[in-house]
Amino acid sequence: MAQEPVIRRAIHDLVAHYGGSFSAEHGIGQLKREELQRYAPSAALAAMRAIKQALDPNGIMNPGKLL
């Protein structure tokens, strides 16, 4: 278990190198939030935040989640 973060990062780096994604159609869970920040383009993150703000300006739907 101690090596899990190192192994996960190596796998995600390899997947990103080949143009793949570490997420599925259901989105990103709390455990992969840091990976999203690392691998997603900043424009994509900004778009997600803008959509969340437009649909939920008061932050009451799914609080603390990006989208």
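Buried means under 20% relative accessible area, exposed over 50%, and partly exposed in between, with a 1.4 Å probe and protein chains only. This is a predicted model, in which local features need pLDDT of at least 70 and side-chain atom pairs count only at pLDDT 80 or more, while totals for chains, interfaces and linings use all residues. Residues are numbered from 1 along each chain as its sequence is written, and side-chain values use heavy atoms, leaving out hydrogens and water.

Start with the overall fold. The protein has 3 helices and 0 strands. From the N terminus, its elements run α-α-α. Helices (H or I, at least four residues) and strands (E, at least two) are DSSP runs, numbered from the N terminus. The radius of gyration is 14 Å, well over the 11 Å that the globule rule gives for 67 residues, so the protein is more spread out than a compact globule. That radius is taken over C-alpha atoms, and the rule is 2.2 Å times the number of residues to the power 0.38. The C-alpha trace spans about 40 × 25 × 20 Å along its principal axes. Of the 67 residues, 13% are buried.

The largest nonpolar core has 5 residues: Phe22, Leu36, Ala40, Leu45 and Leu66. Such a core is a set of buried Ala, Val, Leu, Ile, Met, Phe, Trp, Tyr and Cys residues joined through side-chain atoms within 4.5 Å. Leu45 touches Leu36, Gln37, Ala40 and Leu66, leaving aside residues up to four places away in sequence. Contact here means heavy atoms within 4.5 Å. His12 lies in helix α1 (residues 4-17). His12 is buried, at 10% relative accessible area. With residues up to four places away in sequence not counted, His12 touches Phe22, Glu35 and Tyr39.

Now the charges. Side chains of opposite charge can pair when their charged atoms come close. The structure holds 4 salt bridges, each a side-chain nitrogen of Lys or Arg within 4 Å of a carboxyl oxygen of Asp or Glu. Glu35 forms one with Arg8, the closest N and O atoms being 3.2 Å apart. This pair links distant parts of the chain, with Glu35 in helix α2 (residues 33-39) and Arg8 in helix α1, 27 residues apart. Glu35 is buried at 11% relative accessible area, whereas Arg8 is partly exposed at 26%.

Asp13 and Arg38 meet in another salt bridge, 3.0 Å from N to O. They too link distant parts of the chain: Asp13 is in α1, Arg38 in α2, 25 residues apart. Both are partly exposed, Asp13 at 30% and Arg38 at 43%.

Asp56 and Lys52 also pair, at 3.2 Å from N to O. Both partners are buried, with Asp56 at 6% relative accessibility and Lys52 at 16%. Salt bridges that share partners join Glu4, Arg8 and Glu35 into one network.

Finally, the surface. Ile51, Leu55, Ile60 and Met61 form a nonpolar patch with about 440 Å² of accessible area together. Patches use residues with over 30% relative accessible area and no salt bridge; like charges are joined within 9 Å, nonpolar side chains (Val, Leu, Ile, Met, Phe, Trp, Tyr) within 5 Å. Areas come from the Shrake-Rupley method with a 1.4 Å probe; for residues, only the protein chains shown count as cover. Ile60 sits in the segment after α3 (42-55) and is exposed at 66%. Asn62 is also found in the segment after α3. Asn62 has a positive phi of about 55 degrees although it is not a glycine.
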